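Dear colleague,

I am handing over the structure below, together with notes on what was found in it. Please read the notes with the structure open beside them.

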Amino acid sequence: MAELKYISGFGNECASEDPRCPGSLPEGQNNPQVCPYNLYAEQLSGSAFTCPRSTNKRSWLYRILPSASHKPFESIDQGHVTHNWDEIDPDPNQLRWIPFEIPKASQKKVDFVSGLHTLCGAGDIRSNNGLAVHIFLCNSSMENKCFYNSDGDFLIVPQKGKLLIYTEFGKIYVQPNEICVIQRGMRFSVDVFEETRGYILEIYGVHFELPDLGPIGANGLANPRDFLIPVAWYEDRQVSGGYTVINKYQGKLFAAKQAISPFNVVAWHGNYTPYKYNLENFMVINSVAFDHADPSIFTVLTAKSLRPGVAIADFVIFPPRWGVADKTFRPPYYHRNCMSEFMGLIRGYYEAKQGGFLPGGGSLHSAMTPHGPDADCFEKASTAKLAPERIADSTMAFMFESSLSLAVTKWGLKTSCCLDENYYKCWDTLKSHFTPNSRNPAGHN
Ligand SMILES: [Fe+2]
């Protein structure tokens, strides 16, 4: 898919026309009496009309038929999608999952939408405050079927298999180690090419932003120019039997039929678009003297709450980097956090746990649940010679970190059959090294 073109930037005002219809964007106005090529004009609002300019998001779409042209929505099977955070009792334990199993195509065809499984979440969809973590497990492309989410934005993290995502704004090709954000209301359809797995962070009521950089300065972490926005592409395709539009609305799934493909947008302009980002482009900041900076230095995107500095959810990565801190226990420190930490692994090995935390699996350390390196990691790191060393080469772990206290679904705790009942044992063999009569028997500081 190297031939796909993108526009570079984060949150830009962009304009794009399918090259087959030059001049398809109206000049000097949004809503002419008759649009070029006799298209319909339709606005997609991603923020309240009255939001300040810094957070105001909308795009104008020029399309063959407006989105309103469809048969009524009807409720469909919910599969494993839920927003019921009370279906199972809370569990404050450290939780870890072995890789979530992908259904075999030879046994059952499962596409991106029917393969959505809600793992955990919190908050309230109706009041636009909260989040959900979903796992997608699929083996087939969506056929004459698209999806849109009335409840929030999807940050999609493919872990196994590539995704070709058709959107109303154009086509996006996403492979593992890249992420894609499809914002609220945007219709999209996913083609896959093999048994495919990944993670989704859904946020309600707000959109992802780049974190402020403070003393870091004007550059660093995820740079705006590395975010890629698709260019306009349309198909004028009638579908006999109807094209199915699936909608997640107030946490429930609905389907409606319409006559033609929804990817009938010939031109668009605005600042409310889907986008993708390659995690390799993240400019890593780290300690170069001693001790740790907190993992917030690895934040790619943040979804802010109304409380200053407190996120509904942060998307954080642990990329390949140098570890050079002197006189320091270099692995992640032992930690209890008022935030909830869901972690996943795209590829490789996570430094604090060499076994058990595997690509395609996950872990959840809930609010104030203690966690940290396992016994083996502690012993090795406490005696290691502190030369500069590469950390996490060929590895990409990530974290969805939330200020909300997350409830785990029944699928997550039971139905998936992926919960690792022995996770707690990785700290079981930690032993006391306390030497009450000697401050420094090994000669360290
Ligand atoms: Fe932590």
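In which sense do β13 and strand β20 pair, and over how many bridges? The pairing of β13 with β20 (residues 275-278) is antiparallel and runs over four bridges, where strands are DSSP E runs of at least two residues, numbered from the N terminus, and two strands count as paired if DSSP finds at least two bridges between them. Within this pair, I179 stands opposite Y277 of β20.

Before going further, please keep in mind that this is a predicted model, in which local features need pLDDT of at least 70 and side-chain atom pairs count only at pLDDT 80 or more, while totals for chains, interfaces and linings use all residues. Residues are numbered from 1 along each chain as its sequence is written.

β13 (residues 178-182) also pairs with strand β10 (residues 152-160), again in the antiparallel sense, over three bridges, and here F154 stands opposite I182 of β13. Five of the five residues of β13 are buried, a residue being buried if 20 or more other C-beta atoms, placed from the backbone, lie within 10 Å of its own. E178, C180 and I182 point one way from the strand, whereas I179 and V181 point the other way.

Strand β4 (residues 58-63) and strand β19 (residues 265-270) are joined by five bridges in the antiparallel sense, and W60 has H269 in β19 as its bridge partner.

As for the overall division, the protein chain falls into domain 1 (6-279) and domain 2 (282-427), with bounds that come from an automatic or database domain assignment. The domain centres, taken over C-alpha atoms, are separated by 27 Å. Across the boundary, 49 residues of domain 1 are in contact with 51 residues of domain 2, contact meaning that C-beta atoms, placed from the backbone, lie within 7 Å. Among the elements that give two or more residues to the side of domain 1 that touches domain 2 are β7 (116-124), β8 (129-138) and β10, and β7 gives the most, with seven residues.

With best wishes

Definitions and conventions. Buried ≥ 20, exposed ≤ 12 C-beta atoms within 10 Å, placed from the backbone. Contact = placed C-beta atoms within 7 Å.
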